[in-house]
Amino acid sequence: MTPDIILGAVVVIPALMLMLLRVNATLVFLSLCLGSVLVQFVAKDVASLLSLFSAQAPHSVAVAGNNTKLILLLAPVILTAIFMIRTVRGNGRLLLNVLPAAGVGLLGALLVVPLLPPGTSHNIVISPLWHQVQNAQSTIVGASAVVCLLVLWLQRPTTGSNKHKKHKG
């Protein structure tokens, strides 16, 4: 499979899944950010802890470290997606969910590709499409963050809702 197809799949499949399952992509984006924080601050300690229980060759330890990072990155995303299935109601909200879903796919690619197995990762990283994605990473992260915040703020309950008013008897 060509690197461009793999990269496209890494971006498009999560976004499509979020839309088809009607998952709130803003919360998934925030979970992806949490996963990135876990990778940055916790992965090294988890990998060290796991290495105590295994007698692997040095190369295997590096692969296990990337697998640990992938798990830490994607576990919050997968769990959030599972718990948030069918939380986007109405076609207007589903349409509003498109941009955060695209942000999840693009940020996910930026975070996942370096953690893929070395051969796959190398093939993607040397492709011209990956260089374009990397050149746009500041825009991807910044625009996705702003869009997700705006969508999150737009989803707050309105104060004029009749749902929470008490009926006078």
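Helix α1 (residues 3–20) packs against α6 at an angle of about 145 degrees, and their axes lie 8 Å apart. This pairing belongs to a predicted model. The protein has nine helices and zero strands. Of its 169 residues, 31% count as buried.

**Overall layout**

- From the N terminus on, the order of elements is α-α-α-α-α-α-α-α-α.
- Take the contacts between residues at least 6 apart in sequence: 85% of them join residues at least 24 apart.

**Helix α1 against helix α6**

- The crossing of α1 and α6 is right-handed.
- On the α1 side, the contact uses Leu 7, Val 10, Val 11, Ala 15, Leu 18 and Met 19.
- On the α6 side, the partners are Val 98, Ala 101, Ala 102, Val 104, Gly 105, Leu 106 and Ala 109.
- By class, this contact of α1 with α6 holds twelve nonpolar residues, one polar residue and no charged residues.

**Helix α6 against helix α9**

- Helix α6 (residues 98–112) also meets helix α9 (residues 137–154). Their axes come within 9 Å and cross at roughly 145 degrees.
- The crossing of α6 and α9 is left-handed.
- From α6, the contact takes Leu 99, Pro 100, Gly 103, Leu 106, Leu 107 and Leu 110.
- From α9, it takes Gln 137, Ile 140, Val 141, Ser 144, Val 147, Cys 148 and Val 151.
- The contact of α6 with α9 divides into ten nonpolar, three polar and no charged residues.

**The largest nonpolar core**

- The largest nonpolar core has 34 residues. Leu 7, Leu 18, Val 28 and Trp 130 touch the most other members.
- Two or more core residues come from each of α1, α2 (25–41), α4 (58–83), α6, α8 (128–135) and α9.
- Helix α6 gives the largest share of this core, six residues.

- Leu 7 sits in helix α1. Leu 7 counts as buried because its relative accessibility is 2%, below the 20% cut-off.
- Leu 7 and Trp 130 are 123 residues apart in sequence. In space, their C-alpha atoms are 7.7 Å apart.
- Beyond residues up to four places away in sequence, Leu 7 touches Ala 109, Val 113, Ile 124, Leu 129, Trp 130 and Val 133.
- With neighbours within four places in sequence set aside, Trp 130 is in contact with Leu 7, Ala 109, Leu 110, Val 113, Ile 124 and Val 125.
- Ala 109, Val 113 and Ile 124 are found in both of these contact lists.

**Ser 144 in helix α9**

- Ser 144 is found in helix α9.
- Ser 144 is buried, as its relative accessible area is 9%.
- Leaving out neighbours within four places in sequence, Ser 144 contacts Phe 29, Gly 103 and Thr 139.

**Val 46 in helix α3**

- Val 46 lies in helix α3 (residues 43–52).
- Val 46 is partly exposed, at 27% relative accessibility.
- Apart from neighbours within four places in sequence, Val 46 is in contact with Thr 68 and Leu 72.
- Val 46 and Leu 72 are 26 residues apart in sequence. From C-alpha to C-alpha, Val 46 and Leu 72 are 9.4 Å apart in space.

**Cysteines**

- A disulfide is a covalent bond between the sulfur atoms of two cysteines.
- The cut-off for counting one is a pair of cysteine sulfur atoms within 2.5 Å. By this rule, the count is zero disulfides.
- Cys 33 is in no disulfide. The nearest cysteine sulfur to Cys 33 is that of Cys 148, 7.6 Å away.
- Cys 33 is partly exposed, at 29% relative accessibility. Cys 148 is buried, with a relative accessible area of 2%.

Technical notes:
Residues numbered from 1 in each chain as written. Predicted model: local features only at pLDDT ≥ 70, side-chain atom pairs only at ≥ 80, totals over all residues. Heavy atoms only, no water. Buried < 20%, exposed > 50% of the residue type's maximum accessible area, 1.4 Å probe, protein only. Axes fitted to C-alpha atoms, helices over the stretch in contact; angles between N-to-C directions. Helix = DSSP H or I, 4+ residues; strand = E, 2+ residues; numbered from the N terminus. Left-handed = near helix turned anticlockwise from the far one by under 90°. Contact = heavy atoms within 4.5 Å. Nonpolar A, V, L, I, M, F, W, Y, C, P; charged D, E, K, R; others polar. Core = buried A, V, L, I, M, F, W, Y, C linked by side-chain atoms within 4.5 Å.
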